[in-house]
Amino acid sequence: MPKFKQFNRDKVVEAASNVFHEKGYNGTSIDEILTATGLSRSSLYDSFKDKHNLYLQSLEFYKESNDKKFQSVDEKDLNGLQKLETMFKGVVNHLAEHPDDNGCLLVNAAAEMSKQCFKTSQVVCNNKDEVQDLFSSWVSDAEQKKVIKINKPAKVYGQFLYNTLCGLRVMSQSGAGKTELSNVVKVALDSLN
């Protein structure tokens, strides 16, 4: 009689995502994944093939979780500048309240793995493009509503704001507190006027 897998795949991927987020791909051992997920070695390999495939699924899971956060801000009845302010304030508050948080799994993946793995690079680049496009649309909306006046294409500001977002997460890992992070956001948003 065949064995049936007795685990929730989403919960396993979420648990693995947390370990990869904390330790990185190269710093995470199979034993740590097994402990975090509760899987046996055979279940891990039967279901996910290997550590690398589970890592890729973890990146996708993390990206989808972040997408929901961006979508919740996008759906608010705010102009584009207010959406940017809301989103960046939320990021700064999260980083300040969780100083031991290891930044962003996608930013970390870009630094650690995107040059070594095309599939990792694809996930990271897709995320970058989507966030830049969203930021660009918020900048365009704010300009159309005459809340800001920009002197460059909205896409350029979207790229700059994405870089600011990544930079905040890296800064927090190097010990930057809420005041420093808030100062960076203020300068970034002031650049839109």
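Guide: This is a predicted model. Leaving out residues up to four places away in sequence, Q132 touches G158, Q159 and Y162.

Visitor: Where is Q132 found, and is Q132 buried or exposed?

Guide: Q132 is found in helix α7. The relative accessibility of Q132 is 12%, and buried means under 20%. Q132 therefore counts as buried.

Visitor: At what angle do helix α7 and helix α8 pack?

Guide: Helix α7 covers residues 118–144 and helix α8 covers residues 154–173. Their axes are 7 Å apart. The angle at which they pack is about 125°.

Visitor: Which word describes how α7 and α8 lie to each other?

Guide: The angle between α7 and α8 is about 125°. Roughly perpendicular covers 65 to 115 degrees, and roughly antiparallel means over 145. The two helices, α7 and α8, are therefore oblique.

Visitor: Is the crossing of α7 and α8 left-handed or right-handed, and which residues make the contact?

Guide: The crossing of α7 past α8 is right-handed. On the α8 side the contact is made by A154, K155, Y157, G158, Q159, L161, Y162 and L165. On the α7 side the residues are N127, K128, V131, Q132, F135, S136, V139 and S140.

Visitor: Next, the aromatic rings. How many aromatic pairs are there?

Guide: Rings of Phe, Tyr and Trp pair if their centres lie within 6.5 Å. By this rule the count is six aromatic pairs.

Visitor: What kind of aromatic pair do F20 and Y55 form?

Guide: The centres of the F20 and Y55 rings are 5.0 Å apart, with 80° between the planes. Planes over 60 degrees apart count as edge-to-face. The pair of F20 and Y55 is therefore edge-to-face.

Visitor: In which helices do F20 and Y55 lie, and how many residues apart are they in sequence?

Guide: F20 lies in helix α1 (residues 9–23), and Y55 lies in helix α4 (residues 51–74). Both F20 and Y55 are buried. The pair ties together parts of the chain whose separation in sequence is 35 residues.

Visitor: How many residues apart are F70 and F135, which also form an aromatic pair?

Guide: The pair of F70 and F135 is edge-to-face, at 6.1 Å centre to centre and 70° between the planes. F70 is in helix α4 and F135 is in helix α7. The pair links distant parts of the chain, and the separation is 65 residues.

Visitor: Are F70 and F135 buried or exposed?

Guide: The cut-off for buried is under 20% relative accessible area. F70 has 11% relative accessibility, and F135 has 0%. Therefore F70 counts as buried, and F135 also counts as buried.

Visitor: Turning to the loops, where is K49 found, and is K49 buried or exposed?

Guide: K49 is found in the loop between α3 (41–48) and α4. K49 is not a glycine, yet it has a positive phi of about 75°. At 65% relative accessibility, K49 counts as exposed.

Visitor: Which loop holds K146, and what is its relative accessible area?

Guide: K146 is in the loop between α7 and α8. K146 has a positive phi of about 60° although it is not a glycine. K146 is exposed, and its relative accessible area is 72%.

Visitor: I150 lies in the loop between α7 and α8. Which residues is I150 in contact with, leaving aside neighbours within four places in sequence?

Guide: I150 is buried, with a relative accessible area of 12%. Leaving aside neighbours within four places in sequence, the contacts of I150 are V139, E143, Y157 and L192.

Visitor: Finally, how many helices and strands does the chain have?

Guide: Of the 193 residues of the chain, 44% count as buried. The pattern along the sequence is α-α-α-α-α-α-α-α-α. The secondary structure comes to zero strands and nine helices.

Notes:
Residues numbered from 1 in each chain as written. Predicted model: local features only at pLDDT ≥ 70, side-chain atom pairs only at ≥ 80, totals over all residues. Heavy atoms only, no water. Axes fitted to C-alpha atoms, helices over the stretch in contact; angles between N-to-C directions. Helix = DSSP H or I, 4+ residues; strand = E, 2+ residues; numbered from the N terminus. Parallel < 35°, antiparallel > 145°, perpendicular 65-115°, else oblique. Left-handed = near helix turned anticlockwise from the far one by under 90°. Contact = heavy atoms within 4.5 Å. Phe/Tyr/Trp six-rings, centres within 6.5 Å; stacked < 30°, edge-to-face > 60°. Buried < 20%, exposed > 50% of the residue type's maximum accessible area, 1.4 Å probe, protein only.
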